[in-house]
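User: I am new to this structure and would like to learn how its features are read. Could we begin with the place where the chains meet?

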Amino acid sequence: MFFTYLGRELRRRARQALVIALGLALGIGLAITVSSASDGVKAAQTDVLKSLYGVGTDITVTQPATRGSGGAQSFGFSGQAQTTTGTKTTTASQDTARVAMGSGTLATTTLTKVKALSGVSDAVGSLSLTDFNVSGKLTQSFTQAPSTTGSTGSTGRSDRSGSGYGGGSGGGFRAGGPSGNFSFNQTTMQGVDVSDMTIGPMSSVTLASGRELSAADSSAAVAVVNSSYATQQNIKVGATETLGGTKFTVVGIVTTSSDEDYFLPLAEAQKISSETGKVTTVYVKAASSTQISAVASEIGKTASGATVSTSAQLADSVSGSLSSTASLLTNLGRWLVIGVLAAAFLIAALLTMSAVGRRTREFGTLKAIGWTSRRVVRQVLGESIVTGLIGGVLGIGLGFAGALVIDKVAPQLTAAASTSSASTTTGGFGGGGGASRFRKPANDITVHLTAPVHLNILLIAVALAVLGGLIAGALGGWRASSLRPADALSKVA
Amino acid sequence: MYEISGLTKVYDGKRKGEKVHALQGVDVVIPDNDMLAIQGPTGHGKSTLLQLLGGLDRPSGGSLKFDGQELAKMGEMQLTKLRAQNFGYIFQGFNLIPTLTAQENVETALVPLGIPATERRERAVRALTEVGLGERLGHLQTELSGGQQQRVAIARALVKEPKVILADEPTGNLDEETRDDIFALLERLWAERGLTVIMVTHDSALSKRVPRLAQIKHGKLTIKRERVDG
Ligand SMILES: Nc1ncnc2c1ncn2[C@@H]1O[C@H](COP(=O)(O)OP(=O)(O)OP(=O)(O)O)[C@@H](O)[C@H]1O
Ligand SMILES: [Mg+2]
């Protein structure tokens with residue numbers, strides 16, 4: 001009788017049931033769509049992080065630049081010792097590779113220590129360099145500055161025009177503003193550990209042509225080129241590129257969302273920049289995701305003065321429409337879902353209560369002929385839960401439809417490492433961070449928003465539907481339980 | 001069957017503090033297999049008495065004994081059980097469940113007795129056949145005439161084989177011919193089954209045909225005619 005009665009009620013009062021079910025469906029559909037989109041955004045963020053920091057990197061360790069060292073660009077024209085005042089015209093070509101602006105270096109011994117920490121499953125180092133290539137005619141006047149000792153050499157900073165001039169030798173002369181025609185070329189490159197490319201920058205590249213770097217290349221003058229740069233500069237596999245004054249053979253073109261133009265074996269990068277035994281970034285993989293923060297603090301103790309960033313912090317530092325979408329979904333989306341669900345629950349409860357009110361005589365009659373309150377309440381609750389489940393099914397349909405629309409439209413989102421800061425601390429953006437500030441525009445990573453509907457979301461949706469039905473049914477049942485058998489004679493039909 | 005003395009019922013009136021004394025000391029004994037008709041002007045307490053007899057409501061005072069048990073002292077569960085097993089209530093306005101078919105409506109009376117579904121169905125069909133609705137099993141209330149609806153209500157009251165049938169103006173909403181049919185049906189069931197039938201009626205034509213007649217005025221009951229044969 002329970003199911004017969006329940007079925008008859010729902011069928012014969014289909015409109016009422018449908019209104020309640022649709023309300024719940026709307027809430028649940030929205031919940032599914034929003035959480036699917038959230039999952040999609042999370043997946044996109046993971047992708048972005050992967051391309052920025054490589055697959056499976058949980059922690060990065062970088063060294064903030066100390067003023068006047070490391071990131072400073074100073075370059076001189078060799079063999080141009082200055083002994084007289086006057087005007088000097090130099091025709092020169094200069095190609096130097098330096099540690100990227102804003103980055104400091106870590107000793108590989110630090111890397112070794114980090115690797116030895118418990119909870120660290122793997123760690124590799126990389127060296128990010130900026131290659132400055134200046135060629136052309138430079139006219140410059142020199143005046144003697146007797147009181148100055150030694151080095152006017154390092155200017156400590158460089159401005160964009162690259163006018164910082166410091167002769168490596170022959171101090172005592174102050175350089176006047178240079179004038180002339182010279183081309184200034186800047187590229188970025190990263191020395192990578194070719195013996196372990198499972199984490200770090202090379203873990204997320206895909207080969208476009210040629211071959212990838214391999215362990216055998218550890219001391220070979222070979223490089224792979226970022227496909228976007230290769231396209232721009234028309235670089236082909238087999239080409240010879242001069243980096244830091246050394247000729248490198250291009251063995252492959254790779255697709256990556258990293259900023260770096262070239263990837264070379266770490267030892268080669270150290271050689272051309274005279275940074276033997278130094279790295280700019282250490283990529284660390286923790287043994288388990290739960291250990292990340294503990295490992296990070298251990299590393300902080302081991303490598304004092306270094307910036308240790310966890311993947312969660314890295315994720316926070318990603319800016320662009322991806323991150324605004326993420327915050328939109330987590331803030332507005334969540335409240336929207338809660339609001340709509342609450343409204344749907346409220347409507348369901350009110351409608352169910354008023355339906356019970358309209359059925360006063362019916363329930364009174366059942367009680368009068370010997371139905372217990374419990375049986376009547378069970379009937380109301382049963383109807384309500386089934387209505388909720390119908391709402392859940394419709395809601396899942398709506399949710400899938402919503403997710404499908406997102407997938408079809410696939411809004412384009414961009415993500416960029418936060419490059420606006422001019423602080424010398426790269427804030428965890430090992431690798432490209434420092435360099436991308438210098439280059440413009442920074443490599444935006446474009447992702448398409450998807451909305452994967454996961455099974456657990458569906459289970460939650462069904463649970464929500466049942467919950468909505470339960471709340472409405474409990475209130476309706478409570479009202480039904482308060483009816484008396486004498487209500488069979490009530491005027492309410 | 002019933003022993004009633006000094007029975008009162010006080011309702012709360014519409015205005016606050018106002019009391020409606022619907023029954024003001026009813027004394028009556030209703031023996032087994034009685035057929036009693038209760039007459040009286042509107043609003044004088046007929047339905048109120050019937051509700052108390054059927055265990056739909058509780059008395060305010062006095063004594064109301066059914067088979068020696070005091071109804072007023074019964075727990076809710078016990079009273080519900082009594083309603084389910086012993087009282088067949090026929091409402092003034094039929095009170096069918098609008099979404100259920102005739103047969104399902106009759107079955108609802110057997111649900112609280114824990115009777116298995118197949119037996120329930122058989123008994124419902126038998127009861128409906130008995131009241132002449134064997135052909136209307138799958139019909140809804142809206143697909144039945146007033147007389148047919150009342151027959152379904154009677155079948156629902158009968159199907160549980162109660163000790164007492166309590167009928168509140170069972171013919172009130174019906175035309176004369178149908179009224180006679182329904183009354184004849186109740187009369188036949190009463191005679192054949194040895195039921196106790198207590199009915200409220202306005203209809204003087206009916207009250208002439210019943211063995212025992214009572215009247216309620218201002219909440220007090222008086223027997224107008226005693227059963228001659230008994
Ligand atoms: N639930 C209730 N609450 C308040 N007053 C009630 C209630 N039920 C009945 N009454 C009052 O009790 C009195 C008796 O009502 P009752 O229904 O028993 O009359 P009746 O004799 O059946 O009348 P009718 O012939 O019109 O059916 C009336 O004054 C009525 O207004
Ligand atoms: Mg009445």
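Analyst: Let us begin with one pair of residues. In this predicted model, Glu104(B) forms a salt bridge with Arg8(A), and their closest N and O atoms are 2.4 Å apart.

User: How many salt bridges does the rule find across the interface of chain B and chain A?

Analyst: The rule finds two salt bridges across that interface. Polar contacts are listed as well: 10 residue pairs, with both residues at pLDDT 80 or more, are in polar contact between chain B and chain A.

User: Which helices of chain B each supply at least two residues of the side that touches chain A?

Analyst: They are α1 (46-53), α2 (76-86) and α3 (102-108) of chain B. Of the elements on this side, α2(B) gives the most, with four residues.

User: How is the size of an interface often given?

Analyst: The size is often given as the accessible area lost when the parts come together. Here, chain B and chain A bury about 2,200 Å² between them, and 63% of that area is on carbon and sulfur atoms. The contact draws 27 residues from chain B and 23 residues from chain A.

User: What helices and strands does chain B have, and how much of the chain is buried?

Analyst: Chain B has seven helices and 10 strands. Of its 230 residues, 56% are buried. Where contacts in chain B join residues at least 6 apart in sequence, 70% of them link residues at least 24 apart.

User: Let us turn to chain A. Is Ala348(A) buried or exposed?

Analyst: Ala348(A) counts as buried because its relative accessibility is 1%, and the cut-off for buried is under 20%. This residue lies in helix α8 (residues 321-358) of chain A. Leaving aside residues up to four places away in sequence, Ala348(A) touches Ile20(A) and Ala472(A). Ala348(A) and Ala17(A) are 331 residues apart in sequence, while their C-alpha atoms are 9.1 Å apart in space.

User: Which residues make the nonpolar surface patch of about 320 Å²?

Analyst: The patch is made by Leu18(A), Leu22(A), Ile390(A) and Leu394(A). The elements giving two or more residues to it are α2 (14-53) and α10 (373-409) of chain A. Leu18(A), for instance, is found in helix α2 of chain A.

User: Why can Leu18(A) be called partly exposed?

Analyst: Leu18(A) has a relative accessible area of 45%, so it is partly exposed: the range for that class runs between the cut-offs of 20% and 50%.

Definitions and conventions
Residues numbered from 1 in each chain as written. Chains lettered and ligands numbered in written order. Predicted model: local features only at pLDDT ≥ 70, side-chain atom pairs only at ≥ 80, totals over all residues. Heavy atoms only, no water. Patch = residues over 30% accessible without salt bridge, like charges linked within 9 Å, V, L, I, M, F, W, Y side chains within 5 Å. Areas by Shrake-Rupley, 256 points an atom, 1.4 Å probe, with all protein chains shown as cover. Salt bridge = Lys/Arg side-chain N within 4 Å of Asp/Glu carboxyl O. Buried < 20%, exposed > 50% of the residue type's maximum accessible area, 1.4 Å probe, protein only. Contact = heavy atoms within 4.5 Å. Buried area = accessible area lost by both parts, 1.4 Å probe. Polar contact = N/O pair within 3.5 Å; in protein donor to acceptor, adjacent residues only side chain to side chain.
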